[in-house]
Amino acid sequence: TLRTAEKELLPGFHQFEWQPALKNVSTNCNVGIINGLSGWASSLDDFPADTTTRRFRYDVALVSALKDLEEDIMEGLMESGMEDSACTSGFSVMIKESCDGMGDVSEKHGGGPAVPEKAVRFSITVMSISVLADDEKEEVTIFTEPKPNSELSCKPLSLMFVDESDHETLTAVLGPIVAERNAMKDSRLILSVGGLPRSFRFHFRGTGYDEKMVREMEGLEASGSTYVCTL
């Protein structure tokens, strides 16, 4: 009991549960920053990805993002005039995924391990949270991100030393992230918000990819294609 209490005092540690449990994701809640390649099952014809990458597990990052918004969620419920205790399930969260190259980040003064010059960052933004109360017909939006395109609302999920046009390495790093996202689509997160366990479903939109990433992630044509709007 003492160990559990100690853990809960650690910054960033939150107890949570998925129903049903996520496929291919460990049930360990006490997860910090992990190697970005963990979860990538390499086959015989794969070559080892030559990159240094660190990331949060996707579900842990989402839990942390929701806990950061705990006050906003509670305020939103109050402003909508909803009975707090009636809203324990039916929360839906819209997540915007963004992934972009960060350009040349090489260290010129040496001293560290040799790393590729380019870096890529994959991040998420909580765009909105809505709730369908038990006895209601329509969803009510209780939180909307006021600055959806701001750097400040983006939460980095993964940082990798890789050139964004290196398709193989990018696939190796993003593969496990995509697998975790797919597992979460079919499950509900049970997390204590405002002192009560509440259930959240997540919807993911890859609207923060630039045209190069759209090509990598969605298999579309390159920038300049009639299929990708780059406004």
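**View 1. Where helices α2 and α3 meet.** In this predicted model, Leu66, Lys67 and Asp68 of α2 are in contact (heavy atoms within 4.5 Å) with Glu70, Asp72 and Ile73 of α3. By class, this contact of α2 with α3 has two nonpolar, no polar and four charged residues. The axes of α2 (residues 58-68) and α3 (residues 70-79), which are lines fitted to C-alpha atoms over the stretch in contact, come within 4 Å and cross at roughly 55°.

View 2. Ile73, Met74, Gly76 and Leu77 of α3 are buried, meaning under 20% relative accessible area with a 1.4 Å probe. They cover an arc of only 160° around the axis, which puts them on the same side of α3. The buried residues are covered by elements including α2, β4, β5 (118-131) and β9 (196-209). The face turned away from the buried side carries Glu71, Met78 and Glu79, which are exposed, that is, over 50%.

**View 3. Ser92 in strand β4.** Ser92 lies in β4 (residues 91-104) and is buried, with a relative accessible area of 11%. Its side chain joins that of Glu139 in a polar contact of 3.2 Å, where the cut-off for a pair of N or O atoms, one able to donate a hydrogen and the other to accept it, is within 3.5 Å.

**Notes.** Residues are numbered from 1 along each chain, and side-chain values use heavy atoms, without hydrogens and water. Local features need pLDDT of at least 70, side-chain atom pairs count only at pLDDT 80 or more, and totals for chains, interfaces and linings use all residues.

Methods: Axes are lines fitted to C-alpha atoms, for helices over the stretch in contact, and angles run from 0 to 180 degrees between N-to-C directions. Helices (H or I, at least four residues) and strands (E, at least two) are DSSP runs, numbered from the N terminus. Ala, Val, Leu, Ile, Met, Phe, Trp, Tyr, Cys and Pro count as nonpolar, Asp, Glu, Lys and Arg as charged, and the others, Gly among them, as polar. The arc is that of the directions from the helix axis to the C-beta atoms.
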